[in-house]
Amino acid sequence: MTATAPVTTAPAAAPATARALGLAHYAARGVLEHVLARHGVTFPQQIALRAAVTADTAQTPDDLVAQVQHALKADPADIRATLDELLTRQLLVTDGAHLLPTEAGRELLAATDADTAPLSARIWGGIPAEDLAAAGRVLALVTERADAELATLRA
């Protein structure tokens, strides 16, 4: 017998708020971090490894730091430490001026993706396409505006 998520209905339509967005983010991230922990990898490590694996061209450490910083808004020193951890674990390897994912890194990412796929299907399943499209537009706009505010704060 397979476990299934309880059938729930969406709450009554309420305006989206920063709190609701944050709660959804941390709930979904909690699920992902649980899976990642079983594989001995952290959320920042997974983000950095995914950036290296999905890049169209070989990335320098600075390239990866910039990508991860854009995604996580993390301190560059912390991101460099994350890259060092991936190098130590031989999930990334140095090739001249570039960092490349190893086969072990690709396999780890594939394994975590496979483990999260059924969970994601249960979380996202049944949400109407038009609702997902509207949410995507709103989230893109919120991200754009928050990035602009953060840039102003850092200036």
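Colleague: Leaving aside neighbours within four places in sequence, which residues is Gln45 in contact with?

Modeller: This is a predicted model, and in it Gln45 is in contact with Gly40, Thr82, Glu85, Leu86 and Arg89, once neighbours within four places in sequence are left aside.

Colleague: And is Gln45 buried or exposed?

Modeller: Gln45 counts as buried, because its relative accessibility is 6% and the cut-off for buried is under 20%.

Colleague: Which helix is Gln45 in?

Modeller: Gln45 has its place in helix H2.

Colleague: OK, let's stay with that helix. At what angle do H2 and H3 pack?

Modeller: The angle is about 130°, and the axes of the two helices are 10 Å apart. H2 covers residues 43-54 and H3 covers residues 61-72.

Colleague: What do you call that arrangement of H2 and H3?

Modeller: H2 and H3 are oblique to each other. The crossing of H2 past H3 is right-handed.

Colleague: Which residues make the contact?

Modeller: On the H2 side they are Phe43, Pro44, Ile47, Ala48, Ala51 and Ala52. H3 brings Leu64, Gln67, Val68, Ala71 and Leu72.

Colleague: How many residues of that contact are nonpolar, polar or charged?

Modeller: In the contact of H2 with H3, 10 are nonpolar, one is polar and no residue is charged.

Colleague: New topic, the strands! In what sense do E1 and E2 pair?

Modeller: Strand E1, residues 92-95, pairs with E2 in the antiparallel sense, over four bridges. For example, Asp95 has His98 in E2 as its bridge partner.

Colleague: What's between the two strands?

Modeller: The hairpin of E1 and E2 has two residues between the strands. In this hairpin, Gly96 takes a positive phi near 65°.

Colleague: And where do the side chains of E2 point?

Modeller: They alternate along E2, which is residues 98-101.

Colleague: Nice. Zooming out, how many helices and strands does the chain have?

Modeller: There are six helices and two strands. Along the sequence, their pattern reads α-α-α-α-β-β-α-α.

Colleague: Last one: what percentage of the chain's residues count as buried?

Modeller: That's 19% of the 155 residues. As for dimensions, the C-alpha trace spans about 55 × 50 × 25 Å along its principal axes.

Conventions. Residues numbered from 1 in each chain as written. Predicted model: local features only at pLDDT ≥ 70, side-chain atom pairs only at ≥ 80, totals over all residues. Heavy atoms only, no water. Axes fitted to C-alpha atoms, helices over the stretch in contact; angles between N-to-C directions. Parallel < 35°, antiparallel > 145°, perpendicular 65-115°, else oblique. Left-handed = near helix turned anticlockwise from the far one by under 90°. Contact = heavy atoms within 4.5 Å. Nonpolar A, V, L, I, M, F, W, Y, C, P; charged D, E, K, R; others polar. Buried < 20%, exposed > 50% of the residue type's maximum accessible area, 1.4 Å probe, protein only. Pairing = 2+ DSSP bridges.
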